[in-house]
Amino acid sequence: MNVDEFLAWEADQPLRFEFLDGQPVPVEPSTQAQSVLISDIVSLLRPAVRATGLRVLSNFRIRYANDVRYPAVIIDGGSCDPNATLPSQPFAIVDVDRFRDWSALPGVRYLVLDTGDDPNGVLTLLPKRTN
């Protein structure tokens, strides 16, 4: 299976898959700690990129060389296509609890954040959270 075949195959799957080293790999479900951190990141980035032409995408796949991955957050700087399933021009990538090298994407900045082992001590980017 190549990347294009994978993308067509994945479109019909009920669960998300990444395509790594030529094989479909199920995407592990997020923990609450990861989901809280991702929500905080998106909440901070959206106002920061408003009116810049950049878009914040979460739970969105990206083609990376011969792989397809799902980072936590992508900032996309290319043209907007509401029906697109891949970012048009990734500007930055944030991964949570997945320590992967994104350096082969030219011009893309990347950051990996770790929620830590303590579910009560989740790294959060917001000073206060309302219930």
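Start your tour at the largest pocket: 19 residues line it, and Val27, Glu28, Ser30, Tyr70 and Arg98 are the ones nearest its centre. Keep in mind as you look around that this is a predicted model.

**Stop 1: the pocket lining**

Select Val27, Glu28, Ser30, Tyr70 and Arg98 to bring the centre of the pocket into view. Next, colour the elements that each give two or more residues to the lining: strand 1 (17-20), strand 2 (23-26), helix 2 (32-49) and strand 7 (90-96). The volume of this pocket is about 270 Å³. If you colour the lining by class, you will find ten nonpolar, four polar and five charged residues.

**Stop 2: Val27**

Now zoom in on Val27, which sits in the loop that links strand 2 to helix 2. Is Val27 buried or exposed? Its relative accessibility is 16%, and because the cut-off for buried is under 20%, Val27 counts as buried. Show its contacts next: leaving out residues up to four places away in sequence, Val27 touches Arg16, Phe17, Glu18 and Tyr70. Tyr70 is also among the residues nearest the pocket centre. For a distance label, pick the C-alpha atoms of Val27 and Phe17: these residues are ten apart along the chain, and the two atoms are separated by 5.1 Å.

**Stop 3**

Hide the side chains and switch to a cartoon view. Look for an open sheet of four strands, ordered 3-6-7-8, with mixed pairing. At its edges are strand 3 (55-58) and strand 8 (109-113), each of which pairs on one side only. Neighbouring strands here are turned against each other by 15 degrees on average, ignoring direction.

Select strand 3 together with strand 6 (residues 73-76): the two run antiparallel and are joined by four bridges. Within this pair, show Arg55, which stands opposite Asp76 in strand 6.

Then bring back helix 2, which packs on the sheet and touches strand 3, strand 6, strand 7 and strand 8. The direction of helix 2 makes about 15 degrees with that of strand 6.

**Stop 4: the whole chain**

Finally, zoom out. How many helices and strands does the chain have? There are two helices and eight strands, and from the N terminus they follow the order α-β-β-α-β-β-β-β-β-β. Of the 131 residues in the chain, 35% are buried.

How values were computed: Residues numbered from 1 in each chain as written. Predicted model: local features only at pLDDT ≥ 70, side-chain atom pairs only at ≥ 80, totals over all residues. Heavy atoms only, no water. 1 Å grid on protein atoms, 1.4 Å probe; cavity = no way out; pocket = protein on both sides within 12 Å on 5 of 7 lines; lining within 4 Å. Points joined across faces, edges and corners; volume = space filled by probe spheres on them. Nonpolar A, V, L, I, M, F, W, Y, C, P; charged D, E, K, R; others polar. Pairing = 2+ DSSP bridges. Axes fitted to C-alpha atoms, helices over the stretch in contact; angles between N-to-C directions. Contact = heavy atoms within 4.5 Å. Buried < 20%, exposed > 50% of the residue type's maximum accessible area, 1.4 Å probe, protein only.
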